[in-house]
Number of protein chains: 2
Amino acid sequence: MGFRFDILKKDSSSDARLGRIETDHGSFSTPAFLPVGTLGTIKSLTPEELVEVGVEAILANTYHLYLKPGHEIIGRLGGLHTFIHWDRPVLTDSGGYQIFSLAKLRKISEEGATFQSHIDGSLHLLTPERVMEIQRILGSDIAMVLDECVPYPSPYDYVKTSVSLTTRWAKRSLAQRRENDPALFAIVQGGMYRDLREQSAKALVEMDFQGYAIGGLSVGEPKSLMREVIGWTIPFLPENVPRYLMGVGTPLDILEAVRLGIDLFDCVLPTRNARNGMLFTATGRISIKQAQYAEDGRPIDEGCTCYTCRHYSRAYLRHLYLSGEILSSRLNTIHNLSCYMNLLKTIREAIRGGRLLDLYQTYSSQSDGWERESSNHSLVACG
Amino acid sequence: MGFRFDILKKDSSSDARLGRIETDHGSFSTPAFLPVGTLGTIKSLTPEELVEVGVEAILANTYHLYLKPGHEIIGRLGGLHTFIHWDRPVLTDSGGYQIFSLAKLRKISEEGATFQSHIDGSLHLLTPERVMEIQRILGSDIAMVLDECVPYPSPYDYVKTSVSLTTRWAKRSLAQRRENDPALFAIVQGGMYRDLREQSAKALVEMDFQGYAIGGLSVGEPKSLMREVIGWTIPFLPENVPRYLMGVGTPLDILEAVRLGIDLFDCVLPTRNARNGMLFTATGRISIKQAQYAEDGRPIDEGCTCYTCRHYSRAYLRHLYLSGEILSSRLNTIHNLSCYMNLLKTIREAIRGGRLLDLYQTYSSQSDGWERESSNHSLVACG
């Protein structure tokens, strides 16, 4: 498949880059945030709604689709893009993280990962080759190699052994590539150990991948440690390929990682928060179920122009949430994703205009922005 | 509020009429089917989607909105239309049916109905005057009088007493009308007793209501009995006002009632069925969870042009349903409502074109149409 990454502008105040990724299903700008479509749907939204809030590419979970409905069914029905009615870029993960976080009785061997399905307890073996085959059948635009995710904290020796295995798996993944395969990204592991991160990155960069991810972060470690690990890793990654921070994160996490040189993000945070009634505003986070919103006729965010903020009051959204109505998840998800897409757009425009440092200083000086409760300070515009 | 009903054409083969109802929030064609927006949302859909499938007017439940979030909150926020972002006609019921079917420990007295909320057990008294006040505050276009719904079967003497009470309540409702009130419809009761239906209808028609509903049907009685009761009642209703069959029904129920002279319908059937994975097709009903659809790349109905049928396969819809995805309810509801709206449109066009008898004969000869399992016979077009 076609794949190309161009850096359009580098930031003078940091390692941030403005770029563009081209695939056979169209191109998208970086830094980019990919919403998570676990089972072939960004929960509650249609593809048209994703486009309307500014989504250009999505992530789908190989582990979930392999188990349900099964990649072979999807393949026979024309591939994932056709199946889910999304004709733009799709990145699929490798399942490594889900095997680590969801599957039962997992056993890692040289061959691959044996585990019990979290759905029906059935036994499965996923090898590096099999994971590539699944992503090939799904018709992904960007595929990830199988990796082993280690818990936090993990002892040094365990992580060292694991990094070697992940490296050998990456080599096997590369060895069986075919001509029309998805672009293939490797995943740097190494836990919270600087030398192991370096070792992992160097070994993977010696091979010829089209992108590099940093995995095994946002697994419970302190934020400061997460940023340190990113900082240790990036110097060993090539300049001219995309760098992807998996499973991250909050708006401030994203802004800081962009400054360290990250190009791609995915996270369930905006969509899951939405379904739990946690909504972003320019002045902080609000929990829509609170009694203070019972008669609040204002939109979630008065500066936001998303569909939800154009037409619905906090009072109505609170009522829908407390009533368990499906429309609650929809309207909240539209708003939160709109905020994230707008944040990324603001970041890209700041890089283009040489204003990223300003944006960062404004944002980080206001404590943790969207991560904290609402205040009177205006932060990044929302909609 | 403004209200007007015009009969545009009468059918020569039956008592069916093609009409148009005008309200301050626009007009809609009859015979009409109003989807049920229990808590101020047609479950899972936005107002824009309702318009797209052809919905012109909706029903909202006074009982539910009175309890949650409370009519006074809705009133202070500008009324129901503003609150739920729907600027077209809204009919509100009176709560009589919900007091009968949902509330606990209900006690009917001359004054009104005392009951315990099904949500929190709190005690409430709804009188005919209070129910009018609630609908006035909601800003409904068409309001219903409070009635007593009796169970099926009920003894003659009980129903006779109840009909008298419902009549007195209707008189009290009328007595306190104000200038800008919603249009007010009375509800004929009388159980399955011919003379009591006649008595109820005659007494209510002596008063000056803008429409008449037939209540207390579709409560467990045989279909043939339901049709008999409609046939007993309609001759006593005035020709020039809308006739509304509450809580009905299946496509065949609707087609038969239209021929008896009914103009308005509401029912949770298409929307509830959708959420349960029961989908209408031109050849019968299908249950999308069945294994036979696991790899079925066809739309629900190949002749349907709704959003769901344009873009998604049965296999994907089955996958979403089995995965409990929110998008499942959305896509299924769009399809089923689209079928209902198309059925009503087909009925209206048949009246206009003098082809209602043909439509009825084709439809009823094919057994029970959408009510039965899918077959090879083509029935009413779906989308």
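**Strands, contacts and core**

Modeller: Let's begin in chain B, where strand S9 (residues 113-116) pairs with S10(B) in the antiparallel sense, over four bridges. Keep in mind that this is a predicted model.

Biologist: Which residue in S10(B) is the bridge partner of Ala113(B)?
Modeller: That is Leu126(B).

Biologist: What sheet do these strands belong to, and in what order?
Modeller: An open sheet of three strands in chain B, ordered S8-S9-S10, with antiparallel pairing. At the edges are strand S8 (104-108) and strand S10 (123-126) of chain B, and each pairs on one side only. From one strand to the next, the twist averages 15 degrees.

Biologist: What holds strands together in general?
Modeller: Strands of a sheet pair through backbone hydrogen bonds, either parallel or antiparallel.

Biologist: Back to chain B. How do S1(B) and S2(B) connect?
Modeller: Through a hairpin, with six residues joining S1(B) to S2(B). Strand S1 (residues 3-10) and strand S2 (residues 17-23) of chain B run antiparallel, joined by seven bridges. One pair of bridge partners is Phe3(B) and Thr23(B), the latter in S2(B).

Biologist: What about a sheet with parallel pairing in chain A?
Modeller: There is an open one of nine strands, in the order S4-S15-S14-S13-S12-S11-S7-S6-S5.

Biologist: New topic. How is chain A divided?
Modeller: Into domain 1 (3-267) and domain 2 (273-371). Their centres, taken over C-alpha atoms, are separated by 27 Å. The contact takes 26 residues from domain 1 of chain A and 27 residues from domain 2 of chain A.

Biologist: Which element gives the largest share on the domain 1 side?
Modeller: H10(A), with six residues. Strand S4 (32-34), helix H1 (47-53) and helix H10 (251-260) of chain A each supply at least two residues of that side. By class, the domain 1 side has 14 nonpolar, seven polar and five charged residues.

Biologist: And how many residues does each chain put into the contact between A and B?
Modeller: Chain B gives 28 residues and chain A gives 28 residues. On the chain B side, helix H3 (71-76), helix H4 (80-84), helix H13 (314-322) and helix H14 (326-353) each supply at least two residues. H13(B) makes the largest share, four residues. The chain B side divides into 13 nonpolar, 10 polar and five charged residues.

Biologist: Which residues have the most contacts inside the largest nonpolar core?
Modeller: Ile58(A), Phe185(A), Leu245(A), Ile58(B), Phe185(B) and Leu245(B), in a core of 238 residues. As a general point, in soluble globular proteins nonpolar side chains tend to be buried together.

Biologist: What does Phe185(B) touch, leaving aside its neighbours within four places in sequence?
Modeller: Its contacts include Ile142(B), Met144(B), Phe209(B) and Tyr244(B). Gly211(B) and Tyr212(B) are also among them.

Biologist: Last one. Where is Glu52(B), and why does it count as partly exposed?
Modeller: Glu52(B) lies in helix H1 (residues 47-53) of chain B. It counts as partly exposed because 16 other C-beta atoms lie within 10 Å, and a buried residue needs 20 or more. Glu52(B) and Leu269(B) are 217 residues apart in sequence and 19 Å apart in space, C-alpha to C-alpha.

Technical notes: Residues are numbered from 1 along each chain as its sequence is written. Chains are lettered from A and ligands numbered from 1 in the order in which they are written. This is a predicted model: local features need pLDDT of at least 70, side-chain atom pairs count only at pLDDT 80 or more; totals for chains, interfaces and linings use all residues. Two residues are in contact if their C-beta atoms, placed from the backbone, lie within 7 Å. Ala, Val, Leu, Ile, Met, Phe, Trp, Tyr, Cys and Pro count as nonpolar, Asp, Glu, Lys and Arg as charged, and the others, Gly among them, as polar. Two strands pair if DSSP finds at least two bridges between them. Axes are lines fitted to C-alpha atoms, for helices over the stretch in contact, and angles run from 0 to 180 degrees between N-to-C directions. A nonpolar core is a set of buried Ala, Val, Leu, Ile, Met, Phe, Trp, Tyr and Cys residues joined through C-beta atoms within 7 Å. A residue is buried if 20 or more other C-beta atoms lie within 10 Å of its own, exposed if 12 or fewer, and partly exposed in between; C-beta atoms are placed from the backbone. Domain bounds come from an automatic or database domain assignment.
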